[in-house]
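Hello,

Here is the structure we talked about. Please look through it first, then read the notes below.

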Protein chains: 2
Amino acid sequence: MANSPSGDSVADRVLRVLETFTPTRTMQTAAEIGRRAGLPSSTAHRLVGELVEVGLLERDQDRRVRVGMRLWELATRSSRALRLRQAALPAMERVQAQVREHTQLAILEQDEALFLERLSSPDATSNITRIAGRLPLHASSSGLVLLAHAEPELQERVLGSRLARLASGTITEPAVLRRKLAEVRRLGHAVAPGSIEDVATGVAVPVRDRSGTVVAALSVVIERHARLDRPLSALHAAAREIRRTLSQ
Amino acid sequence: MANSPSGDSVADRVLRVLETFTPTRTMQTAAEIGRRAGLPSSTAHRLVGELVEVGLLERDQDRRVRVGMRLWELATRSSRALRLRQAALPAMERVQAQVREHTQLAILEQDEALFLERLSSPDATSNITRIAGRLPLHASSSGLVLLAHAEPELQERVLGSRLARLASGTITEPAVLRRKLAEVRRLGHAVAPGSIEDVATGVAVPVRDRSGTVVAALSVVIERHARLDRPLSALHAAAREIRRTLSQ
């Protein structure tokens, strides 16, 4: 379908345009989009113009462009993200009310933990997670839960890759990570102290569907040396509740 | 850019593919997508294949296709929808805790009310709103608030269009709607009894940004003849709180 001389597809060019928008770069000119997407200027201007025309991007008075509400609507209304999140939200609200710290729902996506939802407390511990943001599997408590229950091929791929250090407690040794994943499966939860940020500990449990397959990780971020009993019991109760909702 | 013989653009074809997915039609074959999008079969198969290749759509074992998590992520992470929703969520949770009925946030989008968030109570009144769903401006309480504060051109366009009856209380007369909009501006809220569903009343207030511009409507759906005082005071307090958050 109308591939360019360089062989990239229509879908590839649309993807590259969308990827230039980030949580901290929400407005751009067509020229900036083209440069960041690695597209020729004329191609970028034409494609951005077309996407604005149909409402997938929006242009403001300064002719800067942002992601359109129409794109959000179409990407959300039929998505797995919305259904999982809706099933999980009441249980997440209960966790947040009990633990009074950030409460998050993540899934496995392209070898990372992708966060579908985050409920925040004004006085909660530091936490860098964002909705529609990602964290590495080996470093976040959610990622450890998802990786521990992932296919062996993915586990080996992560174990064989460079395990970047994000904070003082990040596991960077493959052998240590392998033991940690076995522990997560045995205990039924992951605790990651000082792994993403020195001051905080992530605590995560698996969320299963009716068949028992792990479809998400539910987590809270607490102070590094806070007690685990209350967060763990709240998370386990919530995961059971979400499983019941998903099984209906 | 690579327009087809019929003159539709690349962006137009991508839009038409995405529009075939709905809350009740989340999985389709490429052939179904092509038929519903009005695209030639070969075009549909090629475009769907490309979109799957880059992750904007996903294909399951049955070769059925759904909206990809990657598309949700890209459409969400930099969107106005997410920022407004994050600013509003703590206040919405307080409204829900006080009123114990569905609590919703909507914006004006393409002459309709588009719902960005909905918090539900298990024992709440009937409510057909969905996240990323839409309702007509003249019928929903959120829509009445958004329309009352919209540009005069939009108001005249809606007043000049057919005002469809959705339930026994829907306003279908232009003169009545005009008076209702004036009332909404004067009172600072909209009450729409039996307008979407006979059994329910929508109550909505405007959400303003720092400059005073109405950027959203915050609403609850209560039983048709329930008292309004408590919902109204909860909604007004929440709208003030959201405005403060948006002004930070």
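**What was found**

In this predicted model, Leu116(B) touches Met69(A), Trp72(A), Ala81(B), Leu84(B), Arg85(B), Leu105(B), Ala106(B), Ile107(B) and Ile131(B), leaving aside residues up to four places away in sequence; contact means heavy atoms within 4.5 Å. A second, separate core has 48 residues, among them Ala11(A), Val14(B), Val48(B) and Leu71(B). The largest nonpolar core has 64 residues, and Leu116(B) is one of those with the most contacts inside it, as are Leu105(A), Leu116(A), Leu218(A), Leu105(B) and Leu218(B). A nonpolar core is a set of buried Ala, Val, Leu, Ile, Met, Phe, Trp, Tyr and Cys residues joined through side-chain atoms within 4.5 Å, where buried means under 20% relative accessible area with a 1.4 Å probe, protein chains only.

Chain A has a mean pLDDT (confidence per residue, from 0 to 100) of 93, with 95% of its residues at 70 or more. The complex has an ipTM of 0.92 and a pTM of 0.91 from the predictor.

Residues are numbered from 1 along each chain as written, with chains lettered from A and ligands numbered from 1 in written order. Local features need pLDDT of at least 70, side-chain atom pairs need 80 or more, and totals for chains, interfaces and linings use all residues, while side-chain values use heavy atoms, without hydrogens and water.

Regards

Terms used:
pLDDT is the predictor's confidence in each residue, from 0 to 100. Buried means under 20% relative accessible area, exposed over 50%, partly exposed in between (1.4 Å probe, protein chains only).
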